[in-house]
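This report walks through selected features of one structure, residue by residue and helix by helix. Please look at the sequence and the structure first.

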Amino acid sequence: MSSPIASSGPSEWRKFRIARIARESAVIKSFYLEAADGAPTAPHKAGQHLPIRLEQRGDQPALLRTYTISVAPSAPQLRISVRKLGVGSGQLHDDVAEGDLIECRVPGGDFVIDTAPAHPAVMVAAGVGITPILAMISHLVEESERTGAMRPVIVFYAARNTSERGFDDELSRLAERSKGRMTLVRLLKDIGDAVLGREYEEHGVLSAEMFRKYLGFQRHDFYLCGPPGYMQSVYDILIDHGVADHAIFAEAFGALSLKRQVANSVAEPLALPATEPVDVVFDAAGTRSTWSPGAGSLLELAEGAGLSPEFGCREGACGACKVPLLSGAVTYFRETSAACGPNEVLICSAVPAAGAEGSAHQVVLALR
Ligand SMILES: Cc1cc2nc3c(=O)[nH]c(=O)nc-3n(C[C@H](O)[C@H](O)[C@H](O)COP(=O)(O)OP(=O)(O)OC[C@H]3O[C@@H](n4cnc5c(N)ncnc54)[C@H](O)[C@@H]3O)c2cc1C
Ligand code: FES
């Protein structure tokens, strides 16, 4: 039987029931999701995230948010684990109950783990940034139980204090099941009355000395997920100690802020924005408008034309605003992290690109 997620197109919303809500810490709750029609869900890749849509009261537009699936692909239910911050996460924490329905799209994202290599994976997570790492470690452990071989993994998990930190028991169980292939290093900023060795291994922030203490000299891949400042400082330490940029993978939960140092970059430079007005056709909506230099994103242009395109972060991180590009050329005015194909556009962060003579003619978007 095909799953409701698998059988739906990437832009189709499907209903999921909240089967269970679990408190993980003072600030994090997990939501277990199952397809409302009872069909099994398609396996995601460990580390991918799920776009969700939350209905709002009255005629307020639905809220789109993105949450990492915090379980392995083999888990019987999907699970998202949410830190309470603003409107959307607040709604999940305070207003949503077991049995309620939310809508989800197909999982996406390319922050995923390869179980095959023999060299160790080093996971660096801070706060709720543990969610993709949890899915990855669970996947590594489950694969090891199936195949008998496990890629070694060292997990550096930083939290402010023990009350905000979630998943202690789950991580301990994974370490046990790994039969010595997983090393867990828990860092606490405020130790309070936590017991060294039982509730944490290191006090303070991750440092070059800690890497030296726990990592050998062999090759490693690094997977980073946490607040922007934390990820940048860890990235800079790794680069300063000779780790290649291509061995460092990172996931941002908001605007991409990691400043990478890539010597002799082979990445294509981005096209320049158009310097003259460009005709923009929002094809499926049958609406057109004129974009002028300095007028903002294509999302803002569509909204100014009376359309209501879907969006989530408005920062290029979640992919909720992605639409097919039917013709013309666009470029980005900020670095984006959401996955996007060659004929797709993240309209929250895009503008028409300059043509060969510095001008563009028309951009046609298949806006729903
Ligand atoms: C790929 C991806 C994966 C993600 N995975 C997860 C995940 O697994 N778990 C998770 O919890 N989040 C995750 N997020 C973040 C999530 O999508 C939302 O951005 C987050 O829950 C905030 O949404 P909100 O509606 O609560 O905040 P909004 O109301 O949209 O507020 C906007 C921003 O303001 C800030 N803010 C608002 N209120 C507060 C506050 N009280 N204190 C401090 N800052 C505040 C936050 O930075 C917030 O992002 C992910 C995001 C992306 C792009
Ligand atoms: S709205 Fe999130 S990527 Fe555009």
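Leu238 is buried, since 21 other C-beta atoms lie within 10 Å; a residue counts as buried with 20 or more other C-beta atoms within 10 Å of its own, as exposed with 12 or fewer, and as partly exposed in between, the C-beta atoms being placed from the backbone. The model is predicted: local features need pLDDT of at least 70, side-chain atom pairs count only at pLDDT 80 or more, and totals for chains, interfaces and linings use all residues. Residues are numbered from 1 along each chain as its sequence is written, while chains are lettered from A and ligands numbered from 1 in the order in which they are written.

Leu238 belongs to helix α6, residues 228–240. Helices (H or I, at least four residues) and strands (E, at least two) are DSSP runs, numbered from the N terminus. Apart from neighbours within four places in sequence, Leu238 is in contact with Phe222, Val243 and Ile248. Two residues are in contact if their C-beta atoms, placed from the backbone, lie within 7 Å.

**Two helices**

Helix α3 covers residues 130–147 and helix α4 residues 168–177; their axes come within 10 Å and cross at roughly 30 degrees. Axes are lines fitted to C-alpha atoms, for helices over the stretch in contact, and angles run from 0 to 180 degrees between N-to-C directions. The two helices, α3 and α4, are therefore roughly parallel to each other. Angles under 35 degrees count as roughly parallel, over 145 as roughly antiparallel, 65 to 115 as roughly perpendicular and the rest as oblique.

On the α3 side, the contact is made by Leu134, Ile137, Ser138, Val141 and Glu145, and on the α4 side by Glu170, Leu174 and Arg177. These residues divide into 4 nonpolar, 1 polar and 3 charged. Here Ala, Val, Leu, Ile, Met, Phe, Trp, Tyr, Cys and Pro count as nonpolar, Asp, Glu, Lys and Arg as charged, and the others, Gly among them, as polar.

**The core**

Which residues have the most contacts inside the largest nonpolar core? They are Met123, Ile137, Leu298 and Ile347, in a core of 90 residues. The largest share of this core, 8 residues, comes from α3. A nonpolar core is a set of buried Ala, Val, Leu, Ile, Met, Phe, Trp, Tyr and Cys residues joined through C-beta atoms within 7 Å. Not counting residues up to four places away in sequence, Leu298 touches Val280, Trp291, Val345, Ile347, Ala350, Val351 and Leu365.

**Residues in loops**

Gly129 lies in the loop between β7 (121–126) and α3. With 24 C-beta neighbours inside 10 Å, Gly129 counts as buried. Its contacts beyond four places in sequence are Cys225, Gly226 and Phe253.

Ala285 sits in the loop between β13 (278–282) and β14 (287–291). Is Ala285 buried or partly exposed? Ala285 is partly exposed, with 17 other C-beta atoms within 10 Å. Ala285 touches Leu307 and Leu367, leaving out residues up to four places away in sequence.

Most residues other than glycine have a negative phi. Phe167 has a phi near 70 degrees, a positive value in a residue other than glycine. Phe167 is found in the loop between β8 (153–159) and α4, and counts as buried with 22 C-beta neighbours inside 10 Å. Arg314 also has a positive phi, near 60 degrees. Arg314 lies in the loop between α7 (298–304) and β15 (322–327), and counts as partly exposed with 17 C-beta neighbours inside 10 Å.

**Pairs apart in sequence**

Cys104, in strand β6 (residues 101–104), is buried, with 24 other C-beta atoms within 10 Å. The table gives the C-alpha separation of Cys104 and Phe16, along with other pairs.

| Pair | Apart in sequence | C-alpha separation |
|---|---|---|
| Cys104 and Phe16 | 88 residues | 6.8 Å |
| Gly129 and Thr68 | 61 residues | 9.2 Å |
| Leu238 and Ser207 | 31 residues | 9.7 Å |
| Ala285 and Leu307 | 22 residues | 8.0 Å |
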